[in-house]
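I'll jot down what I looked up, one entry at a time.

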Amino acid sequence: MGKIDEIYTALKGVVDPEVGFDVVALGLIYDVAVEGAKAKIKMTLSTRSCPLHEMMLGWVKNAAESVEGVSECEIELVWEPAWNISMASEEVRAALS
């Protein structure tokens with residue numbers, strides 16, 4: 001398993017407590033890259049007014065840095081493209097519709 005796959009696996013442990021699904025299944029992670037020991041994650045949140053905004057970013061950072069060989073994580077929080085339910089996994093869409 002490559003480093004990017006390991007990071008995605010770790011990120012599946014970050015659950016959005018408002019909806020009960022992980023950030024990967026929700027489609028909130030747009031991209032993961034690795035440069036040496038640094039992970040770069042491009043992500044969004046389901047809403048700009050997410051009350052857990054800072055906590056979610058911290059959880060994502062901690063999850064990425066829990067992967068062996070990753071000592072730093074830079075998160076780029078973006079709002080475009082805006083998240084919508086069609087970005088979520090089929091399981092999440094079925095549960096939330």
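Is M1 buried or exposed? I looked this up before anything else, keeping in mind that the model is predicted. M1 counts as exposed, at 71% relative accessibility. I found it in the segment before α1. Setting aside neighbours within four places in sequence, I see M1 in contact with E6 and T9. I also checked M1 against K38: the two are 37 residues apart in sequence and 17 Å apart in space, C-alpha to C-alpha.

Entry on salt bridges. My search of the whole structure gave four. I noted K38, E72 and E74 down as a network of salt bridges.

How exposed are the members? K38 is partly exposed at 22% relative accessible area, E72 is partly exposed at 41%, and E74 counts as partly exposed at 35%. One more salt bridge for the list: K40 with E35, at 3.5 Å, N to O. K40 is partly exposed too, with a relative accessible area of 27%.

Entry on the core. The largest nonpolar core has 27 residues. Among those with the most contacts inside it I wrote down I7, V23, I41 and V60. Helices α1 (3-11) and α2 (53-65) and strands β3 (29-35) and β4 (38-43) each supply at least two of its residues. The largest share, five residues, comes from α2. I then followed V60: not counting residues up to four places away in sequence, it touches L11, V14, V23, I41, M43 and I75.

Entry on T44. Which loop holds it? The one between β4 and α2. T44 is buried, with a relative accessible area of 0%. A polar atom of its side chain lies 2.7 Å from the backbone oxygen of V78. Beyond its neighbours within four places in sequence, T44 is in contact with L28, Y30, L77, V78, W79 and W83.

V19, I85 and L96 make a nonpolar patch of about 220 Å². I placed V19 in the loop between β1 (15-16) and β2 (21-22), and V19 is partly exposed at 35% relative accessible area.

Key: Residues numbered from 1 in each chain as written. Predicted model: local features only at pLDDT ≥ 70, side-chain atom pairs only at ≥ 80, totals over all residues. Heavy atoms only, no water. Core = buried A, V, L, I, M, F, W, Y, C linked by side-chain atoms within 4.5 Å. Buried < 20%, exposed > 50% of the residue type's maximum accessible area, 1.4 Å probe, protein only. Helix = DSSP H or I, 4+ residues; strand = E, 2+ residues; numbered from the N terminus. Contact = heavy atoms within 4.5 Å. Patch = residues over 30% accessible without salt bridge, like charges linked within 9 Å, V, L, I, M, F, W, Y side chains within 5 Å. Areas by Shrake-Rupley, 256 points an atom, 1.4 Å probe, with all protein chains shown as cover. Salt bridge = Lys/Arg side-chain N within 4 Å of Asp/Glu carboxyl O. Polar contact = N/O pair within 3.5 Å; in protein donor to acceptor, adjacent residues only side chain to side chain.
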